[in-house]
Amino acid sequence: MEKRRVYFDNNATTPLHPGVKQAIMEVLDVHGNPSSLHAFGRHARMLVEEARGKVAAFIGAKPDEILFVGSGSEGNNTILSILNSQCRMCEYNTCSGKELVTTKIEHPCIMETSKCLAERGIRVTYLDVDRDGKVDLNQLRDSVTLRTGLVSIMMANNEIGTIQDMKTISRIVHERGSLFHTDAVQAVGKVPVNVDELGVDFLTLSGHKIYGPKGIGAVYVRKNAPFCPLIRGGHQERGRRAGTENTIGIVALGRAVELRASEMADEEKRLRRMKEALRKGIAEKIPDVHFVGHPTDSLPGTLNVSFEGAEGEAILLYLDLAGIAVSTGSACASGSLDPSHVILATGLPVECAHGSIRISMGRENTFDDVDYMLTVLPDVIGRIRSMSSAYARRQ
Amino acid sequence: MDKVNWAYTDTVLEHFMHPKNILADEEAFQPDGRGITGNVKCGDQMIVAIKVDRDRGVITDCRWKTFGCASAIASTSVMSEMVKGMKLEDAFRLSPRDINKELGGLPEHKIHCSVLGDKALRAAINDYYERSGLHDRVEKEEARVVCTCMNITDHEIEDAVLEGARTYYELQEKTKVGTVCGECKDDVERLLEFYKNKHFCATNAAGPVNP
């Protein structure tokens, strides 16, 4: 088969949708500051508020419950920072809770922030997950108390794609009088998300995961929910996020969710078929593989697979040389040998965690990409295993 | 996009694409010395097997296998070529820096992956000495306990530095060194500087490949 370029790393970031690109080009010359009272400013303000309406509508929120931020990470940091916010400086409701309940499989921007909060006296509980990456609901029931200020559980996992039972979780959290935040950066725009149906009080989403540009995200904050700005010193976003609005990014995000609304349903079905074909093909062609993540409750295009005796970064680079882009949770790629905390949390043996790759498909991928992957991957794994000290031992 | 730089040198790429001297069949090879280092749980492992011309004290063949990343594969491949024809005592002194030089330099954060090969080689040479009754030539690398509370050795400090620890706090994160009584702090900080210098000193190490 002829060499081709296949981008299978859509959970890392996505290519810009041509429609979003068009919207960006149209707004590039709108230079007015949305806070200015003159016509230049009012024009920008109008575009920002239009986009806010689109984002709100896409997740079933009201426009004034949406605030724009610079990234998903900023959004998540912002929400975690409401814990123990008892000062009366701002007009917002405070949150006196000194305990945070989260999980062992969150994105680093939640994990690292939780560690930092723990250093500042917040008590943090990290919930376990099962083999498929689902949160232990009994542990959740036992962990959330009246002292729990916030429960933060990601809706869909970036590495293994598992989607949590959001409605059950939000019921448990609310029965115990706490608040529920979800990092929905990977879920929004891939599966239906409605804040009322899910029962969340806070939700984070990001532009570049849904064919929008980098550097723009949004946070949903339920009306009257406690809040505490992370970035202070400006009246923008009704005082909740200082800094002149990123008009271009905001307009692009508005257009991105609008396009998702019309394309998502068909694409979800198509991606699920492609993923099944890939899973089946890998299982047939390559022995000793482990699929990680829930078999059905999972992101449509995300497939995490571990190959015994093959190290993740080596797989990644051999695939890269064949034109295929995937990612690995095995962090040899990032300079330490710590395997992915997500894969480890599912209970997969450490040696398997080192050999896992994440294939994340998106709107531009086709069945031809799947076929190409299935032609290249068995050779790559065979080649690595032929020089593997960990695979020979098993034979 | 084809103009995007490969993160490694051409030599690394060549050895990654076409690794030399893989130990395909251990029984057929019948090594005179065999060494193993690392383990799969830690994310990398290396087996090195050598044949030795006893009269000349020279390595005649070197084969290897690894559970490791691109850098481990390339550096061990190049090392297996370098040591053929080398005297045992010279091969024993081969350092990651020598291998790195031959490769044209690895990115700094990948250097820790390249030290497995020479470690396994030293183990293989020692194994050869043991097998041939040359017990007095066996050189053990004695580890010194630095932190008595957590039983952490200087070798563990060195490994942590190779894996990316650059500050005392990062060392503690990785090894738990000095987290109980803290008396070893000065000693650990000296070792930290020493190993940073040994492996990453800008004037000696082959610098990063790409600007």
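1. A word on burial to begin: a residue counts as buried if 20 or more other C-beta atoms lie within 10 Å of its own, as exposed if 12 or fewer do, and as partly exposed in between, with C-beta atoms placed from the backbone. Helices (H or I, at least four residues) and strands (E, at least two) are DSSP runs, numbered from the N terminus. Please keep in mind that this is a predicted model, in which local features need pLDDT of at least 70 and side-chain atom pairs count only at pLDDT 80 or more, while totals for chains, interfaces and linings use all residues. Residues are numbered from 1 along each chain as its sequence is written, and chains are lettered from A and ligands numbered from 1 in the order in which they are written.

2. Let us start with helix H6 of chain B, residues 115–131. H6(B) has 17 residues and spans 25 Å from its first C-alpha to its last, close to the expected 24 Å (1.5 Å times one less than the number of residues). Twelve of the 17 residues are buried, so H6(B) is largely enclosed by the rest of the structure. Among them are Val115(B), Leu116(B), Leu121(B), Ile125(B) and Tyr128(B), but also Asp118(B), Arg122(B) and Asp127(B). After the helix comes Gly133(B), with a positive phi near 75 degrees.

3. Next, helix H7 (residues 154–162) of chain B and helix H8 (residues 168–175) of chain B: their axes come within 10 Å and cross at roughly 110 degrees. That makes H7(B) roughly perpendicular to H8(B). Axes here are lines fitted to C-alpha atoms, for helices over the stretch in contact, with angles from 0 to 180 degrees between N-to-C directions; angles under 35 degrees count as roughly parallel, over 145 as roughly antiparallel, 65 to 115 as roughly perpendicular and the rest as oblique.

4. Who makes that contact (C-beta atoms, placed from the backbone, within 7 Å)? Gly164(B), which follows H7(B), has a positive phi near 120 degrees.

5. Do have a look at Leu103(B), in helix H5 (residues 96–103) of chain B. Leu103(B) is buried, with 24 other C-beta atoms within 10 Å. Leaving out residues up to four places away in sequence, Leu103(B) touches Thr9(B), Thr11(B), Val12(B), Ala74(B), Ser75(B) and Val78(B). His15(B) is 88 residues away along the chain, yet the two C-alpha atoms are separated by 8.9 Å.

6. Between the chains, 23 residues of chain B are in contact with 20 residues of chain A. On the chain B side, strand S2 (44–53), strand S3 (58–67) and helix H3 (70–82) each supply at least two residues, and S2(B) gives the most, four. By class, that side has 13 nonpolar, six polar and four charged residues; Ala, Val, Leu, Ile, Met, Phe, Trp, Tyr, Cys and Pro count as nonpolar, Asp, Glu, Lys and Arg as charged, and the others, Gly among them, as polar.

7. Finally, chain A is assigned domain 1 (6–14 + 264–392) and domain 2 (18–259), with bounds from an automatic or database domain assignment. Their centres, taken over C-alpha atoms, are 29 Å apart. The contact takes 24 residues from domain 1 of chain A and 25 from domain 2 of chain A.

Notes. Two residues are in contact if their C-beta atoms, placed from the backbone, lie within 7 Å.
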